[in-house]
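Grab a pencil and work through a few exercises on the structure below. Try each task yourself before you read its solution.

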Number of protein chains: 2
Amino acid sequence: MIKHNYLNNIPLQEAAETFYEKLEEAGMAHKSELIESAGAHGRVTATAVYAKASSPHYNAAAMDGIALKASQTFGACETNPIKLKAGDYFVVDTGDKMPDDTDCVVMTEDLVESEDGQFLLFSAAVPWQHVRQIGEDICAGDMLMPSFTKITPALAGALLAGGVLEVEVATTPLVGIIPTGDEIVSPRENPKAGEIIEFNSVILSGMLKEWGARAKTYPIAADKPALIEDSINKASQECDMVLIIAGSSAGREDYTAGAIKNTGELILHGLAIRPGKPAVLGHRGPVALIGIPGYPVSAMLVMEKLVKGALAKLTKESYPQAIVLEAKAARKITSSLKYREFVRAGISFSGHEPVAVPLDSGAGLITSMTKARAIIDIEQNTEGYETGDVLKAELLQPLEKLKNTLVVTGSHDPLIDEVFDIFRRSGKGFDLASSHTGSMGAIMALKAGQAHTGGIHLLDTKSGEYNISYIKKYFPRGGIVLIEGVGRTQGIMTAPGNPLGIKSFTDLANHSYINRQGGSGTRILCDYLIRQEGLDSSKIYGYEREEFTHTGVAALIAAGSADAGLGIYSAAKLYGLGFIPVAEEFYDFICLEENLEDEKIQAFIASLQSSDFKTRLEKLGGYSLKNPGSIKFRF
Amino acid sequence: MIKHNYLNNIPLQEAAETFYEKLEEAGMAHKSELIESAGAHGRVTATAVYAKASSPHYNAAAMDGIALKASQTFGACETNPIKLKAGDYFVVDTGDKMPDDTDCVVMTEDLVESEDGQFLLFSAAVPWQHVRQIGEDICAGDMLMPSFTKITPALAGALLAGGVLEVEVATTPLVGIIPTGDEIVSPRENPKAGEIIEFNSVILSGMLKEWGARAKTYPIAADKPALIEDSINKASQECDMVLIIAGSSAGREDYTAGAIKNTGELILHGLAIRPGKPAVLGHRGPVALIGIPGYPVSAMLVMEKLVKGALAKLTKESYPQAIVLEAKAARKITSSLKYREFVRAGISFSGHEPVAVPLDSGAGLITSMTKARAIIDIEQNTEGYETGDVLKAELLQPLEKLKNTLVVTGSHDPLIDEVFDIFRRSGKGFDLASSHTGSMGAIMALKAGQAHTGGIHLLDTKSGEYNISYIKKYFPRGGIVLIEGVGRTQGIMTAPGNPLGIKSFTDLANHSYINRQGGSGTRILCDYLIRQEGLDSSKIYGYEREEFTHTGVAALIAAGSADAGLGIYSAAKLYGLGFIPVAEEFYDFICLEENLEDEKIQAFIASLQSSDFKTRLEKLGGYSLKNPGSIKFRF
């Protein structure tokens, strides 16, 4: 009933070489076309381009002044100026053709008018002074640029200056994209359960556009071999390359490899990389056929590591290499010996050296790409990195931008995103990268130099005080500052209107709970409240089911996947949930004292102090503000 | 008769701040529009964007296998497997909705079929294992991206995943470009003397496009104030910003500043920068009016240093900063105290540290931008750099690309460009940067670590031998390799058909000569031949008129601007000139022995050895090849 396909496990380098070789044998090559040079910016030359005309194409005055024959001025000096009569010279402006039998220009500034209205020259002119001679910029016949050169704005100008009105460029290749899958639907409002929004084609199109190709997305093909094959047949006639999204794995309904085999030639199925393993490489004549895994991160990696190289044969572009940064591993990164792994990571410049913080999320999450700042490439047959190892991270953003990024990690609150937006709108040019690692995560990250700041709301269950006892404990040697954040209300979130009539944790015994992860301030609060009510957490169904954010918990309750969970009011309000307040807490920020004067931290503090911040939090609801951004405690 | 305007001399920073402030006061700001997210790649968000839906929006199987309630499996172990009957579970594929009352997936791989066709489970499942829960990727209400974020392919995917089908983005601004000048004509074949091809608008359009704007070029306005004002009036009603090219200086026919004053508000005229001094800044309501100097390099600098910043207010893009490289000055770079100067430079990684080689050419030459690899920014009130000073060079190309560039300097020969094209077509990924400094320039550059290789053809007038005695003299401690180049024919170039009947230098006394620069091999040859014929060079008219390339000399003779000049056959052939052979010479390449194994040098040698090289040189004409690329002499 359940059938297995078996995938190859070919090393990436080997797969790419085999693939590119086969494509070349099959005749995959760029085409070229003649286009107007005036519109050639951004295109790539298909041949060397030679100037057809010289620039300037005539001897031209390079200054405003008078043109004359230099020999007329020989002998002029301070004591014996030469007087020029009308007819001896021609008044010229910059760019004017040099009149016949003249070979120099005397600048307006060097002319002295005599009493009788004629010019006196107090020094001799040098032949060809202030003359732009023919070919000074470009000589006809000079090579303006070699083959396969991307035409910059300046090069487009040089083409026209050199009399090249039309230029032969590589044709922009057309890449067909075929999304497949019974469950896949085009983007829409309110998709049904089981319907998956097809957005990979938009990601792929964008990447192709950035690489100088055009993309054509075909209708979604259902999981029927005949339909997929029809679509490949059509697309491979219309396009220079065809990408088939999904159906490339080894499941029951994975037909991509078979469809490629039936419509063209299958080269291989399965790469020794993760993510991206279930890629399919083939071709139909000179048209590459590539099965792209359906998980967006896998798809993007296969695009980057295989499609881009094949596309370069058509676009003839030399794509810039990623900048590689040496950074310390924030924690152990394990990798299977069997695969070359590409680990998404954040990058922090908060400490004395850059740190790469691997992101946990899976290849199915597009946000794991939008949040990543770098890719750590772990070679096959290696085991990964230990905490503190120096590794090489391929940057996804310019280095300068990463250095200007405030890294915030710790307890989740939507207010951090609002601060990010205040940052952007203030025009200060700083970025903000946030991740949700819980309050204890913030403390650990700051101790290890992995973040500039982080939110904490840690209840000292003995004193009832928030945050201070924790930082005293975890930073025994001090050097830490507690920046006042906000007061906020925690409560039990329930379905809208609280249909189960939940009043406290005691009422949860027979319902399904959704919890927050260990180490989060909310989990600590939850564990404490449970103990206070004398409850046994193992009796609460779903107590071990963990989410990382308040909105994550709220979303599951809103969908009916859980009955209750602890979280902040703003999350409950966002989803229109029932909310039973259980605690008022202090949500503050910590920062190392040595970083306090960092302009990004100062901008963060200024954002907390801004009236915009107050307005936004009032809108979110459930917050109380006293002096956000003030120093609450310094230790 | 000749009128003077006087320009301001405002420091760049001050000018920019004043300008941007005035523009903001006048209401210059981005507009926004709602567009489909599927086409939003590359656009910039105008507001923060929040997810409208969670992704996944239902609990979904994350593996192919069976879905069931985890509690059904509790207690299963190796010795006591649990048997599942039909009806106990649901077969699911990855992405399927989890059936009601199920909370986990057991992977196909973990299922064992019993003899009676039913499944056996040998271990208990954990609730929610292999389930992609609602909101795992994105929770409704989460901020997907803040304001003013450029939408990457992944972010476009995230928009659709988060149910955001339309997104508010900054409207792409429209920038009007008005070329001005009586002498300016649109690109055409065979322009007349005095007509200047208008190509600045193409350069500006390209730059604007790269910065996320659209450009509209208006018809060329002649140098009449009323015409220029009409055009500004029209453009400022249709566009968000208007650039007026040329007429911004202080000459007789420079009307741009006046036209801006008459149509809007003139803020300032004249910046303390070079090139770029005669810029004009103004506005008409919220529409910036900018007078762009007519020299292309000046124009590009004003675009980069002033227009880009103003444009950012409309596009809301954060343009990446240039990478700054610390490099040694190849020679003294002087700068006026009065101006902040931007010096175009080449960059060489041929020695032990990167070297910046300032380019001599003026702001009127577009090739000075196409050849530049970096800009050296010399602050106002500083005097520049001494040879060997460490300076900061803003790179115009990625660092990696510069490191992969073979730097060739020395004697000019068109064959070097052919080698560059062979490089490009070989697909090796190396670039080549060449400059023409003459044979002695090659020797000096190699001694100073400023180039990988260079062509020399230096005649030892005592022995009649080429090149070897020179490298012995200038590299007394050795470490130098002479790579065989080509034999080539030097001769006197004359107008086509040699109408003056020139046979030797003796015949030149009454004609106009065009010479090569001191230090070039051709000049050394010329001086030698003149002496041999017993001539007095001061009697040859134009002997002090110097060009830097063979094609430069040929172009002037072809245009009738000079009667004769010494040069190689291929240049004469290119222009169809008369040619009287006077010498056969050896044109070889030198390279430091320590660089011989550099892969770029090896690629260069391989190119010289290629059959393609032979074919190309046969086509150029006047060359004889024995063993190009072989080691001729090692010292």
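What follows is a set of tasks, each with a step-by-step solution.

Before you start: this is a predicted model, in which local features need pLDDT of at least 70, side-chain atom pairs count only at pLDDT 80 or more, and totals for chains, interfaces and linings use all residues. Residues are numbered from 1 along each chain as its sequence is written, while chains are lettered from A and ligands numbered from 1 in the order in which they are written.

**Exercise 1. Describe the overall build of chain A.**

Step 1: Start with the secondary structure. Chain A has 16 helices and 38 strands; these are DSSP runs numbered from the N terminus, helices being H or I with at least four residues and strands E with at least two.

Step 2: Look at the extent. The C-alpha trace of chain A spans about 110 × 70 × 45 Å along its principal axes. Its radius of gyration is 34 Å, whereas a compact globule of 635 residues would come out near 26 Å. That radius is taken over C-alpha atoms, and the globule rule is 2.2 Å times the number of residues to the power 0.38.

**Exercise 2. Work out what chain A brings to its contact with chain B.**

Step 1: Count residues. On chain A, 88 residues are in contact with 88 residues of chain B, where contact means C-beta atoms, placed from the backbone, within 7 Å.

Step 2: Find the main contributor. H2(A) gives the most to this side of chain A, with eight residues.

Step 3: Sort by class. The chain A side divides into 42 nonpolar, 27 polar and 19 charged residues. Here Ala, Val, Leu, Ile, Met, Phe, Trp, Tyr, Cys and Pro count as nonpolar, Asp, Glu, Lys and Arg as charged, and the others, Gly among them, as polar.

**Exercise 3. Say how H9(A) and H15(A) pack.**

Step 1: Get the geometry. The two helices pack at an angle of about 105°, with axes 10 Å apart. Axes are lines fitted to C-alpha atoms, for helices over the stretch in contact, and angles run from 0 to 180 degrees between N-to-C directions.

Step 2: Classify. H9(A) and H15(A) are therefore roughly perpendicular, a label for 65 to 115 degrees; under 35 is roughly parallel, over 145 roughly antiparallel and the rest oblique.

Step 3: Name the residues. Val419(A), Ile422(A) and Phe423(A) in H9(A) meet Ala603(A), Phe604(A), Ser607(A) and Leu608(A) in H15(A). By class, that makes six nonpolar, one polar and no charged residues.

Terms used. Contact = placed C-beta atoms within 7 Å.
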